[in-house]
Amino acid sequence: TTRWLDISFLAVILVMAAHEAEHVAQVLQKNTLQNSCPVDCRGLLGFKADVEWVHFTYNHAILIALAAIYLGFGLWRREWRERNRAAWWALTIGIFGVQGYHAVEHAVKLEQWLTRGHMSPQPGILGMQFSLIELHMLINTVVFALVLWGYFGLGFHRRALKRWATVVLPAAL
């Protein structure tokens, strides 16, 4: 079972990296290319992927996947905290604090989208006070950085490399 958890954790990291690239593209479209936002600041995938229900689904799926990995590895246990306390706290806060809030933010945005005629983007909770593009770039970056800190700090990258070397490489040869 840990083999699937290792693969799943790496897969989630890769999906999060791709999502982070979408936010980087939006910031570049807005600030470097000086595109008209939100119409021309839709990231690499464009308008079809930049609607509230897609963001809701993504953020809740990431929260569920990370929580399942956390539970599957038993990361609440003392031995994980003692392995690298800072990395454990980073991962725990990244999942249950920041990504948990992010899921709530997108639930509010989806509710606004549904009740306001499916117009995208919607402000959510903090979007009335801050630019949505920079706000969600910041939230995604914080979650991604905290999860990466936990991933590397707790040694999951070594587990993934070991799996790669013992399972994938021999099968390819």
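**Figure 1. Six helices and zero strands make up the elements of the chain.** Helices (H or I, at least four residues) and strands (E, at least two) are DSSP runs, numbered from the N terminus. From that end, the order reads α-α-α-α-α-α. This is a predicted model, in which local features need pLDDT of at least 70, side-chain atom pairs count only at pLDDT 80 or more, and totals for chains, interfaces and linings use all residues. Residues are numbered from 1 along each chain as its sequence is written, and side-chain values use heavy atoms, with hydrogens and water left out. The chain has 173 residues, and 42% of them count as buried (under 20% relative accessible area; exposed is over 50%, partly exposed in between; 1.4 Å probe, protein chains only).

**Figure 2. The structure holds one cavity of 30 Å³ or more.** A cavity is a set of points on a 1 Å grid over the protein atoms alone where a 1.4 Å probe fits but cannot get out; lining residues have an atom within 4 Å of a point. Points are joined across faces, edges and corners, and volume is the space filled by probe spheres set on them. The largest cavity has about 60 Å³ of space. Its lining consists of Met16, His19, Glu20, Tyr58, Asn59, Ile62, Gln99, Asn140, Val143 and Phe144. Helix 1 (2-31), helix 2 (52-72) and helix 5 (132-153) each supply at least two of the lining residues. By class, the lining has five nonpolar, four polar and one charged (nonpolar: Ala, Val, Leu, Ile, Met, Phe, Trp, Tyr, Cys and Pro; charged: Asp, Glu, Lys and Arg; polar: the others, Gly among them).

**Figure 3. Nine aromatic pairs are counted.** Rings of Phe, Tyr and Trp (its six-membered ring) pair if their centres lie within 6.5 Å; planes under 30 degrees apart are stacked, over 60 edge-to-face, the rest tilted. Trp88 and Trp89 are edge-to-face because their ring centres lie 4.9 Å apart with planes at 80 degrees. Trp88 is buried at 6% relative accessibility, while Trp89 is partly exposed at 43%. Ring pairs also join Phe9, Phe73, Trp80, Tyr151, Phe152 and Phe156 in a cluster.

**Figure 4. Leu10 sits in helix 1.** Leu10 is partly exposed, at 33% relative accessible area. Leu10 touches Tyr151 and Ala160, leaving aside residues up to four places away in sequence (contact: heavy atoms within 4.5 Å). Leu10 and Phe156 lie 146 residues apart in sequence, yet 8.4 Å apart in space, C-alpha to C-alpha.

Notes. 1 Å grid on protein atoms, 1.4 Å probe; cavity = no way out; pocket = protein on both sides within 12 Å on 5 of 7 lines; lining within 4 Å.
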